[in-house]
Amino acid sequence: MEIHAWTDGACSGNPGPGGWGVLMRAFDDGKLLKERTLQGGEADTTNNRMELMAAISALEALSRDSAITITTDSAYVKNGVTSWIFGWKKNGWKTADRKPVKNVDLWQRIDAAQSRHHVTWKWIKGHAGHAENEQADELARAGMAPFKSAK
């Protein structure tokens, strides 16, 4: 079985109300077995935090060790999880210039969540007509909506 997740975050203002969305699909021999969507949000957050929450939520939604491909339009998430995180961990969650890593709580959470799985990370350009990315964006905006109207 192959699992694919498309993730996105959204923020109205940065910081401001934000949301995250995930479209997950499970395939067997190329045939769609199951589709699931996830969404959520926060009243006062940043776009980067919502991008991270989308990826974390996809990973944490899996109940057992799985092979998953996560496609994100966030270079921050893709580069962070495939490159920067190794140095941060080695440096005690500090950047190369010895400053604390921003969003360290979520980076530690994504690190723990992905350690249980076999993850392939892919980046695509956002808002470029990728149907699954557009659906994840719609979910993120829906996740943000209750917090946006509360302001």
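Begin with helix H2, residues 75-90, which lies across strands S4 and S5 and runs at about 140 degrees to S5. Contact here means heavy atoms within 4.5 Å. Axes are lines fitted to C-alpha atoms, for helices over the stretch in contact, and angles run from 0 to 180 degrees between N-to-C directions. Helices (H or I, at least four residues) and strands (E, at least two) are DSSP runs, numbered from the N terminus.

The model is predicted: local features need pLDDT of at least 70 and side-chain atom pairs count only at pLDDT 80 or more, while totals for chains, interfaces and linings use all residues. Residues are numbered from 1 along each chain as its sequence is written, and side-chain values use heavy atoms, with hydrogens and water left out.

**The sheet**

Next, select the strands. They form an open sheet of five, in the order S3-S2-S1-S4-S5, with mixed pairing; two strands pair if DSSP finds at least two bridges between them. Strands S3 (31-45) and S5 (118-123) each have a single partner strand and stand at the edges, so one side of each lacks a neighbour in the sheet. On average, neighbouring strands of this sheet are turned by 20 degrees against each other, direction ignored.

Move to S4, residues 67-72, which runs parallel to S5 and is joined to S5 by six bridges. To see one bridge pair, select threonine 69 together with threonine 120, its partner in S5.

Arginine 25 has glutamate 35 of S3 as its bridge partner. The two strands S2 and S3 form a hairpin with two residues between them, and aspartate 29 in the turn has a positive phi of about 50 degrees.

**The largest pocket**

Now display the largest pocket, with a volume of about 300 Å³. On a 1 Å grid over the protein atoms alone, a pocket is an open set of points where a 1.4 Å probe fits, with protein on both sides within 12 Å along at least five of seven lines; lining residues have an atom within 4 Å of a point. Grid points are joined across faces, edges and corners, and the volume is the space filled by probe spheres set on the points. Of the 15 lining residues, Met1, Ile3, Ala26, Lys34 and Leu62 are the closest to the centre of the largest pocket. Strands S2 (16-28) and S3 are the elements that give two or more residues to this lining.

**Glutamate 51**

Select glutamate 51 in helix H1, residues 47-60. Is glutamate 51 buried or exposed? Glutamate 51 is buried, at a relative accessible area of 5%; buried means under 20%, exposed over 50%, and partly exposed in between (1.4 Å probe, protein chains only). Leaving out residues up to four places away in sequence, glutamate 51 touches Thr7, Asp8, Gly9, Thr72, Asp73, Ser74 and Val77.

In the loop between strand S1 (2-11) and S2, find proline 15. The peptide bond leading from asparagine 14 to proline 15 is cis, with omega near 15 degrees.

Tryptophan 93 is in the loop between H2 and helix H3 (104-115). Its phi is positive, near 60 degrees, and tryptophan 93 is buried at 16% relative accessible area.

Finish at histidine 127, in the loop between S5 and helix H4 (131-150). Histidine 127 also has a positive phi, of about 55 degrees, but counts as exposed at 53% relative accessibility.
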